[in-house]
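Hi everyone, thanks for coming. Let me put the structure up, and then I'll walk you through a few spots in it.

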Amino acid sequence: GASSPLSPPVQVKTTSTPPTVNTPAAGSNKVSGSSSAPAGSQVIVQVGGEFAGTTKVKANGTWEVDSTTPLLPGSSVTATVQDLGNNQAPSLPSPPVVATKQSSPPVLAPVTDDAHEVT
């Protein structure tokens, strides 16, 4: 029989789908989102371009991390998923962090001393 030279090895490169980031609220340190990467894939989170923490994708496709970087109004959050094959996919920036709603100051009723208003 005839033989032929060996073929060069084939490299298969897969890509991960970027994760999604839920819009965080100012004053909270929780950052969450979802990913189609396999459970156990690492998620690297940044707030305003600064490292904020890592976590793993759960079996249901969600992830959550307690940010080590403050979530200030106007800053954006990004997440990069790294699957088990070391393929990375960065997210688009989240919508800017929104300020939590401040309660209105209390309104005090006027006080009287039976004849005059006291201020």
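Let's begin at a strand pairing: T20 has S34 as its bridge partner in β2. Before going further, a word on the source: this is a predicted model, where local features need pLDDT of at least 70 and side-chain atom pairs count only at pLDDT 80 or more, while totals for chains, interfaces and linings use all residues. Residues are numbered from 1 along each chain as its sequence is written, and side-chain values use heavy atoms, with hydrogens and water left out.

Back to the strands, which are DSSP runs of E with at least two residues, numbered from the N terminus. V21 is bridged to G33 in β2, and β1 (residues 20-21) is joined to β2 by two bridges, with the strands running antiparallel. That counts as a pair, since DSSP has to find at least two bridges between two strands. On to β5: five bridges join it to β2, again antiparallel, and here S32 stands opposite E64. Put together, we get an open, antiparallel sheet of three strands in the order β1-β2-β5. Because β1 and β5 stand at the edges with a single partner strand each, one side of each is left without a neighbour in the sheet.

Now for the core. A nonpolar core is a set of buried Ala, Val, Leu, Ile, Met, Phe, Trp, Tyr and Cys residues joined through side-chain atoms within 4.5 Å. The largest one has 17 residues, and V31, V43, V45, W63 and V77 touch the most other members. At least two residues of this core come from each of β3 (42-47), β5 (62-66) and β6 (77-82).

Let's follow V43. Contact means heavy atoms within 4.5 Å, and beyond four places in sequence V43 touches several residues, including T55, W63 and T80.

T55 is in strand β4 (residues 50-56) and counts as buried because its relative accessibility is 19%. The T55 side chain reaches the backbone oxygen of E64 at 3.0 Å, a polar contact, that is, a pair of N or O atoms within 3.5 Å; within protein, one must be able to donate a hydrogen and the other to accept it, and residues adjacent in sequence count only if both atoms are side-chain atoms. T80 lies in β6 and is buried too, with a relative accessible area of 19%. Beyond four places in sequence, T80 touches P19, Q42, V43, I44, Q88, A89 and P90.

Last stop: S75, in the loop between β5 and β6. Is S75 buried or exposed? S75 is buried, at 16% relative accessible area. The S75 side chain reaches the backbone oxygen of L72 at 2.8 Å. S75 and V47 are 28 residues apart along the chain, with their C-alpha atoms separated by 6.7 Å.

Thanks, and I'm happy to take questions!

How values were computed. Helices (H or I, at least four residues) and strands (E, at least two) are DSSP runs, numbered from the N terminus. Buried means under 20% relative accessible area, exposed over 50%, partly exposed in between (1.4 Å probe, protein chains only).
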